[in-house]
Amino acid sequence: MNYTELSNALQSYTNNTGDDFIAEIPTFVQQAEQRIYNSVQIANLRKNMTGILSPGNKYLSCPGDFLSAYSLAIYANPSTTATGVSGEFDIEVSSTTGLSVGMYASGSNVASGASIVAIDGTTVTLSEANTGTVSGTVVFQGDYVYLLNRDVNYIRQVYPNPSYQSTPKYYAIFGPNSENVNELTFILGPTPDASYAAELHFYYYPESIVTANTSWLGDNFDTVLLYGALVEAYTWMKGEQDMMALYDTKFKEALGLLKYLGDGKQRGDAYQDGQVKIPVK
């Protein structure tokens, strides 16, 4: 169901084609979307985003469509210029700052999956032989370190001196930290001591079907969107209580099915949890 079809359905169900009613349909739909997206966490509406932590800066901006976090991880991601001979395991790097044994390496003619097994001066020994002549930038990646979510007050108390810098361990939603009052930020503790790469896995607010014309809900679960919008529309119309109760019941039934999917089926599998069974008497 796209937005045009949804709008026509709302007019048909309510038997209302007045100009004032039609003008309010976008509001009805967006209010319904807001209720739905904040009631169920659908796996289809998860997103990953990467960024860079700046040394000495304890804040990290949230994406504009951020609703809630699933995880925030950081990892060392240094890069340096390097040279190496085809078929050899060693490469010569211009700097070993930030490098450590176990880091994965990637670059032109660096073997896929190669990792550091030894560092001797500016000579780095990899686990896999070079596939060709290495010359240029080589990027290294350390292990993921998942930060623990804490309250802002906890981070302030544990790390009262913001000038203390080390590998971050905790994060919290700090609130706006710019002139844009709608822009959330994370606060980290302790303050980063290097330019770590960050990967945020989060639940996001998708573009409304009103402006996009289509959406995941409209394509896959239009029932909950239709009845949610009908509840908002009938509230605006100050309609009969029995019809209001009917639409509200239908919406809650559809929302329950969506929760069964998003908060149930999408969070398990038959291998670990067993197949869904209805008791036979």
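Reader: How many of the residues count as buried here?

Author: Buried means under 20% relative accessible area, exposed is over 50%, and partly exposed lies in between, with a 1.4 Å probe and protein chains only. In this predicted model, 38% of the 281 residues count as buried. A few ground rules: residues are numbered from 1 along each chain as its sequence is written, and side-chain values use heavy atoms, leaving out hydrogens and water. Local features need pLDDT of at least 70, side-chain atom pairs count only at pLDDT 80 or more, and totals for chains, interfaces and linings use all residues.

Reader: And which residues touch the most other members of the largest nonpolar core?

Author: In soluble globular proteins, nonpolar side chains tend to be buried together. A nonpolar core is a set of buried Ala, Val, Leu, Ile, Met, Phe, Trp, Tyr and Cys residues joined through side-chain atoms within 4.5 Å. The largest one here has 49 residues, and Val29, Leu72, Leu217, Val224 and Leu258 touch the most other members. Helix H6 (222-237) is among the elements that give it two or more residues, and H6 supplies the largest share, nine. Helices are DSSP runs of H or I with at least four residues, strands are E runs of at least two, and numbering starts at the N terminus.

Reader: What does Leu217 touch?

Author: Contact means heavy atoms within 4.5 Å. Not counting residues up to four places away in sequence, Leu217 touches Ile36, Tyr37, Ile42, Asp222, Val224, Leu225 and Leu258. Apart from that core lies another of 15 residues, including Met103 and Leu126.

Reader: What about contacts along the chain?

Author: Of the contacts with a separation of 6 or more, 69% are between residues 24 or more positions apart.
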